[in-house]
2 protein chains.
Amino acid sequence: MTKERLYLFDTTLRDGQQTPGIDFSTEEKQQIAQWLDEFGIDYVEGGYPGANPTDTAFFAKRQTNRARFTAFGMTKRAGISASNDPGLAGTLASKADAACLVAKSWDYHVRVALGCSLEENLANIRESVEAVAASGREAMIDCEHFFDGYKANKDYALACAKAAYEAGARWVILCDTNGGTQPIDVRAIVEHVIGEVGIPGDHLGIHAHDDTGQAVANSLAAVNAGVRQIQGTLNGVGERCGNANLVSIIPTLLLKESFAERFETGVSPEKLKGLARLSRMFDDLLNRMPDPQAPYVGASAFATKAGIHASALLKEPETYEHVAPESVGNARRVMVSDQGGKSNFIDGLSRRGIAVRKDDPRLDTLIALVKEREAQGYAYEDADASFEMLARRHLGTVPTFFNVTSYRCVVERRINAVGQKIDMSEAVVKVEIDGEEKMSVAEGKGPVNALDIALRKDLGKYQGLIDDIELVDYKVRILNGGTEAITRVMIETRDGQGRHWTTIGVSDNVIDASFEAMMDSIVYCLFERLEAQKAA
Amino acid sequence: MTKERLYLFDTTLRDGQQTPGIDFSTEEKQQIAQWLDEFGIDYVEGGYPGANPTDTAFFAKRQTNRARFTAFGMTKRAGISASNDPGLAGTLASKADAACLVAKSWDYHVRVALGCSLEENLANIRESVEAVAASGREAMIDCEHFFDGYKANKDYALACAKAAYEAGARWVILCDTNGGTQPIDVRAIVEHVIGEVGIPGDHLGIHAHDDTGQAVANSLAAVNAGVRQIQGTLNGVGERCGNANLVSIIPTLLLKESFAERFETGVSPEKLKGLARLSRMFDDLLNRMPDPQAPYVGASAFATKAGIHASALLKEPETYEHVAPESVGNARRVMVSDQGGKSNFIDGLSRRGIAVRKDDPRLDTLIALVKEREAQGYAYEDADASFEMLARRHLGTVPTFFNVTSYRCVVERRINAVGQKIDMSEAVVKVEIDGEEKMSVAEGKGPVNALDIALRKDLGKYQGLIDDIELVDYKVRILNGGTEAITRVMIETRDGQGRHWTTIGVSDNVIDASFEAMMDSIVYCLFERLEAQKAA
């Protein structure tokens, strides 16, 4: 059976730019367009040439190879010809292959926001489509507020869509601009547009927003009703609650039978394996923390806490996972925690290269120790390196590289002789290595930073092994109310090769908890590197 | 027309606990149960009594007033009677009003994970429901893997649901345990369960997971197909990609006509106005950054950037917003206009009893100052007392009660003469009051606690005004990665009459940030009490 083609339209660079806090530079737009192009997206909407200098510069050359490079624009205003309309001029002067013009399709907005007659708006749609087509570009119309407009004045909304189609638009996109439409209504309205109005589904697109948390469902409901173009963004960025998230939609289209058996897209199964990486690179570019719970690509998307599912999962993963994590470039995680069973525990250890027999009595005491420490506030599931160190220490395989015999942090604020406020944070650390005592002092921005610097300043013969590590994330969580509460510190460390590991410390004293996590991180690094040297 | 009742079942404390990184203490569970109960949730599933000490302790007393306090459990095993089954014992010994027992309904899992016959599993379901009912509790069955089971062996999945219903279960919950089912299939399968099998919709529930980003849509599709109980969690926490987000579902049920005209829930429109606050309090308790793009409740959910929509939005908001932001306790944000900002700002001040004229030039500089400080990391929305102090100081109405001329914190760890590890945290504070200098010293559990004690030890003539205040919550958030990152500290203070206020400090030094928040709290208290004395 031949499959029908579904077209993917990415508007990260245009509607995604409406996200509070997002403002792409031209270079960032080039990078993102390249990723989308290589991934197999059909249309990359790059912005609105003529509206601002960044977008005009971006459209001065074609930025994609395979994908259609698409310019956003507005349908021409009333009382002016398409060729003289300043809003269309930038679009038509750009190096775009295609133009997607927004047209109002809610009668109320035509009257109030455009201030023209309903008939004039229809004429503007027709003439704008014709002008784009005459310029040799593919023409598309975004019917703004289509679903709300349909509810308010069905005939007029449909007339707008029909005008665009009959004037030659390759695609007429039905937009849920305010994002409040329910999937059941999307489906019924799209079916009406196809069945009664006669616009074929392979000329219709859907543009959904996530204001009720259903942008993905609305997009897929529209596909089930017949549309063949889906507009969305990377990681669901966009105005308000965001646009439909293509990173969630694409794997469903490729991996879920009911879609995969009917449709094909420009994204191959092989390219799909790059999805998790694409999502993460985009977050990196935005300097955002990735959402661990993101469908398909989140760090937790295939994670299971030890519990009722974990032991069975390990036996037969395909009956506990809706898709294979590798198909989207993600991985399975079974985490150690509170309710962990013995077999999970052994599994967790063996994945870290720690072999222990099921009847080894140290295994039971280690499990008891982990439970006891988790009751105190430790959370080993997110602190793999500390878990490994705890296990290895308990099993007696970690040498004492060095001892910190004492440390002291001083934080001081005072007014100096000329009346300036002086803040000072200083740390002193005494370390004993092979019977020799070393003392280091450092200043820092705050006591934790000072302690971190002092601790890693001189570890004697080990110094060369830790010179390239740096602390890249530091999280503090208070486990009960009040300043006397227990503090949990998690530290993420990175080395020169880009490896990351996380360690944890718990104490009623934030400095102590930080110190513990730092020590685990350094000892973990030394242990791993010395083992690697031995193996080499 | 009488409306049908929809029942809301919250599993934040049970399935939500499966979220990587979430481990509630008994106190946290109590707090959350109270919020849910007051908000109008029908069933609060508190955990699995008997499975771990936290849950057993939590179920030692009834934790809700209005809501049914619900225990999770497992259907009994084969070859043992319900009264002797250890997995059921904890549930039946608890103070729960209702019990929700999980039962496998995918034939494959019955054979492999339970290792019993298909018929034995059906008998286990029946006998377990009967045992719960006989204990005087409401019985519910979670049909685990129901949708996947239905696809694999339709008759058996249906037999499980039917066995539960016929044995007297008040609710039979259809679970999409692996989270991969599509809304169109949820709808068709639920319709089949109701129409062909004959279990009435008002005895059916839906339990959806977000693995394809459609947990909300799946839940609502099930409601449209006839189920009348919805299971979900606060902010969509839960295993892997999370459970259905009740914070997104509830406003859709109450505000979207197609649901609101047919259904009523235990949440009143008045309670719904507390939704944004509930969502934020839950994130605060988890020490998570709220998702600005969260449907209905996110900080950006009603935000518009300067662009094609912003100016029209201000004229006629209801045609650009799918619901009114106030209906869920959120607010509109238009991110350019200082016009809209200014009147909101004056509004906020006057609610705090601070009168300022619209053309007062200090108002513009105050707005600029707040913006600048929010860019640095201050979050005044959740720190009312600090906002009030900032505004009053800028408008020149806060006297300088006292000056802290210097402070010093020392944290030390060393080994004493008899080989014991000694941890010491000490703070010294110098305060000037009416030209007289006072010096206080205190030890504490950690530097912040020591500083708090020293600072409030002797404030001279003001001491009597602050003797009854205590620090009840202390939260630290790191705004960027690394130990050199900016630290935001929020402190909640309570006085003898039970009044609470929150203050904030931001610095690259955790001690400094804490000091700033403590100072704001003390000055706020002095100011309010001295004003009250003047007024009296």
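## Helix H18 of chain B

In H18(B), the buried residues are Pro447(B), Val448(B), Asn449(B), Ala450(B), Leu451(B), Asp452(B), Ile453(B), Ala454(B) and Leu455(B). The helix spans residues 447-455 and is mostly covered, with nine of its nine residues buried. A residue is buried if 20 or more other C-beta atoms, placed from the backbone, lie within 10 Å of its own. Helices (H or I, at least four residues) and strands (E, at least two) are DSSP runs, numbered from the N terminus.

This is a predicted model, in which local features need pLDDT of at least 70 and side-chain atom pairs count only at pLDDT 80 or more, whereas totals for chains, interfaces and linings use all residues. Residues are numbered from 1 along each chain as its sequence is written, and chains are lettered from A in the order in which they are written.

## Ser386 of chain B

Ser386(B) lies in helix H17 (residues 384-394) of chain B. Ser386(B) is buried because 28 other C-beta atoms lie within 10 Å. Beyond its neighbours within four places in sequence, Ser386(B) is in contact (C-beta atoms, placed from the backbone, within 7 Å) with Tyr380(B), Thr503(B), Ile504(B) and Asp520(B). Glu516(B) is 130 residues from Ser386(B) in sequence, with 9.7 Å between their C-alpha atoms.

## Interface between chains A and B

Contacts link 91 residues of chain B with 92 residues of chain A.

S13(B) and strand S13 (residues 403-415) of chain A run antiparallel and are joined by seven bridges; two strands pair if DSSP finds at least two bridges between them. Arg408(A) stands opposite Glu412(B) in S13(B).

Conventions. Buried ≥ 20, exposed ≤ 12 C-beta atoms within 10 Å, placed from the backbone. Contact = placed C-beta atoms within 7 Å.
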